[in-house]
Each structure stands twice: as structure tokens, then as C-alpha cells.
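Visitor: Please give me a close look at a single part of this structure. Start there, and then show me how the rest surrounds the story.

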Amino acid sequence: MPASVCPASWDEVADAALAGLPLSRETCLSILRSPDDALLELLAATFRVRRTYFGRQVQLYYLQNAKSGLCPEDCGYCSQSKLSTAPIQKYNWMNAEKLLEGARRAKASQARTYCIVASGRGPSDREVEHVAGVVERIKDELGLHICCCLGLLEPQQAQRLADAGVDRINHNLNTSRRYYDDICSTHTYQDRLDTLRVASEAGMELCCGLIAGMGETDEDVADVVMELQHLNVESIPVNFLHAIDGTPLETVHVLNPRYCLKVLCLLRLAHPSKEIRIAGGREVHLRSMQAMGLYAANSLFVSDYLTTKGQTASEDFRMIEDLGFEIVTTVQESTAGVVMTNTSCSHPETEAT
Ligand code: SF4
């Protein structure tokens, strides 16, 4: 496929995606570099793929920042890193009652998944035990799907979390292997791949995504999307850098809403049947075009991000309702793809451990 794709070709790309063919690096680049004039055609072709696997349904995720700031790592995008001077709330591990309260709020917000996130390089065994105990209580009381984002994990820690009922581990690659050292020096891209491997070997699903807008090239975005094609990732959060004052990337402002939509289309076309979630930076970068992002993505974070505010849950519900889409709270596998049930329709800035 040539670097510049004519609009009529997007249907061919969607057909290939639906036929299960992997997206080539050249096609990834063509999507990112496609003309704004062809954006609606790209979005329409992408929606055909989204609709095949997820219909008009939207999954909501609720983030709980269980431990905030105080991190010894130096991820340049993160307001919780040792380099950040951003005036965020800093606190050590929330106790079990607070984490349970968060889970109840998640349920009340129609979230399918409660995401327990902690700053830091990785948890101690004692912290893993704390999370495991809370997860067992949440599962008993609320039956929520649980995703944990705790940093780098040792195999026995991953196994303890899996045994406690953690469904999924989030650990983002964030960018390409080539660019990784430019955004973080205290751990490596390979460290992140190793944690994904131990989580998978422990039997948990993987949630792994990226951050666009950190000064990387289109090739870097294409490379991380290709890497995700090689991992058995169930869920892909797509963050757009929210350049927070006081972080090393505070002056990096390179995104616009059209480019963000192309990134979301790219992820859907590269990963037709996977959860694609519009994550941090949604309100800041998609702005008035947030709703259009759901023609590619099938998932959102509801309520706030880790250290910044999101739009209110009622605004999210209104947006979903205005689109004619519906919120789903449980998911069942089927041979044709993923079928969501328990639908209802009423009225996380960028950080990732
Ligand atoms: S992304 Fe995670 S590991 Fe990196 S600085 Fe932030 S809290 Fe620490």
C-alpha cells in the first residue's frame, strides 16, 4: 500500500482487517499520514470493523489511584515521577475500605472494570498481599472485573494476584522500543515486556497500550502498534499526552483532534476484535470530537484519571446516549466475536504505571 492512501482504499483496509489479516507497517503509516479531508471515510471504514465486534456498545472503566506520587522512576510523561514537580496529591497505599468504596463507585458508574493503579517501580510482596485481599472482597461483594496496574511484577507476585481473582494486568508499552529510552531511564522496554510475559503466564489477560504525542515519530507509533499485534493483548488503552506542568514533557504540545482520531482508527484496524479504550488526554486533545472517537474505540474511562479530572460521568453518559450507543457491564465470548450483555443507557491527563 502506498504511503498516501486514497479514501476508497480504507474500505479495502477494513475488509482486510475483518478477514484477519495483520496490518502492515506501511498501512499503519498511511493511516497516520492520511489527509484530513479523508478523515470521515477512514472513520466510516473503521466503524464497520468496530461494529462487527462490538456493535454500538461501550464499556466503561473506573480508575482508582491506590497509591499516588512518591515514585522513584523517571517516566517523562508522568506527574507522579521523581522528576515531576506537579502539585499532585501524594499518599501511600489506600486501605481496604477505601479501595472497596472505590469499587462501589465504579459499580454505581456502570463501569464493567475497576482498575486498581499504584505508582512505583513495582509492588512489594506485602503490597501484593494487600491488593489480593481487597480483590477477593470486591469479587465477593460486587463481582466486578478487576484490572491491576502495579508496575513491574515478579512471577510469584503475578501468580498471587491471579489466584486472588485479578482478571487482568495493565502494563503499557507506551511507545516504541527505539524511543523508550528517551522517555524513561530507570527501567527498560524489555522490563515492561517481561512483566507482560509473567502476567500472561500466570493466566491473566493483558491490557497494554501507548501514549501518543510525546515527541515520537509516526514510525514509533506504527512500531508499538505492530508490537502489540505480536502480544496477546486483550485491551489497548490509547493515551494522548496531557503535558502536565512540572513534568519533563510539559512543553510538548503536538497533537490535534484529527490526528488523535487517526491514531484510534489505526488501533481498531490493527486490532479489530480487541478492546480499544480512549484513555488519558481524551478531553484535552479530542475536545469537541470526543464522541467521534467512539466510532473507532469501544471503551472509555469514566470519571477522573489518576491525578487530573476527566469530564463528569453524566457528560459521558450523555455523549454515549447522543451517539445512540449503549453502556455494557458484562461481556460474554461468542464464536462471532465478543457479545456484550446487561446493557443500559442513562444518564483517567496521561499517566500509566
Ligand atoms: S508511570 Fe508509573 S513507574 Fe513511571 S513514574 Fe509514573 S508512577 Fe512511576
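**A close look at a loop residue**

Guide: Start with Gln110. Gln110 is buried, because 23 other C-beta atoms lie within 10 Å. Here a residue is buried if 20 or more other C-beta atoms lie within 10 Å of its own, exposed if 12 or fewer, and partly exposed in between; the C-beta atoms are placed from the backbone. This is a predicted model: local features need pLDDT of at least 70, side-chain atom pairs count only at pLDDT 80 or more, and totals for chains, interfaces and linings use all residues. Residues are numbered from 1 along each chain as its sequence is written.

Where is Gln110? It lies in the loop between α4 (96–108) and β2 (113–118). Helices (H or I, at least four residues) and strands (E, at least two) are DSSP runs, numbered from the N terminus. The backbone of Gln110 has a positive phi of about 65°, although Gln110 is not a glycine.

Now compare Asn174. Asn174 also has a positive phi, about 75°, and is not a glycine. It sits in the loop between β4 (168–170) and α7 (177–183). Asn174 is buried, because 26 other C-beta atoms lie within 10 Å.

Gly20 is another stop. It comes just after α1 and takes a positive phi of about 85°. Helix α1 covers residues 9–18, and its buried residues are Trp10, Val13, Ala14 and Ala17. They cover an arc of only 100° around the axis, so they are on the same side of α1. That arc is taken from the directions from the helix axis to the C-beta atoms. An α-helix has 3.6 residues a turn, so residues three or four places apart point the same way. The buried residues of α1 pack against α2 (25–32), α3 (39–54) and α10 (257–270). Contact means that two C-beta atoms, placed from the backbone, lie within 7 Å.

Next comes Glu219, in helix α9 (residues 218–230). Glu219 counts as partly exposed because it has 14 C-beta neighbours inside 10 Å. The C-alpha atoms of Glu219 and Arg25 are separated by 8.2 Å, yet these residues are 194 apart along the chain.

Finally, step back. The chain has 13 helices and 11 strands. Of its 353 residues, 52% count as buried. The C-alpha trace spans about 55 × 45 × 35 Å along its principal axes. A compact globule of 353 residues would have a radius of gyration near 20 Å, and the chain's 19 Å agrees. That radius is taken over C-alpha atoms, and the globule rule is 2.2 Å times the number of residues to the power 0.38.
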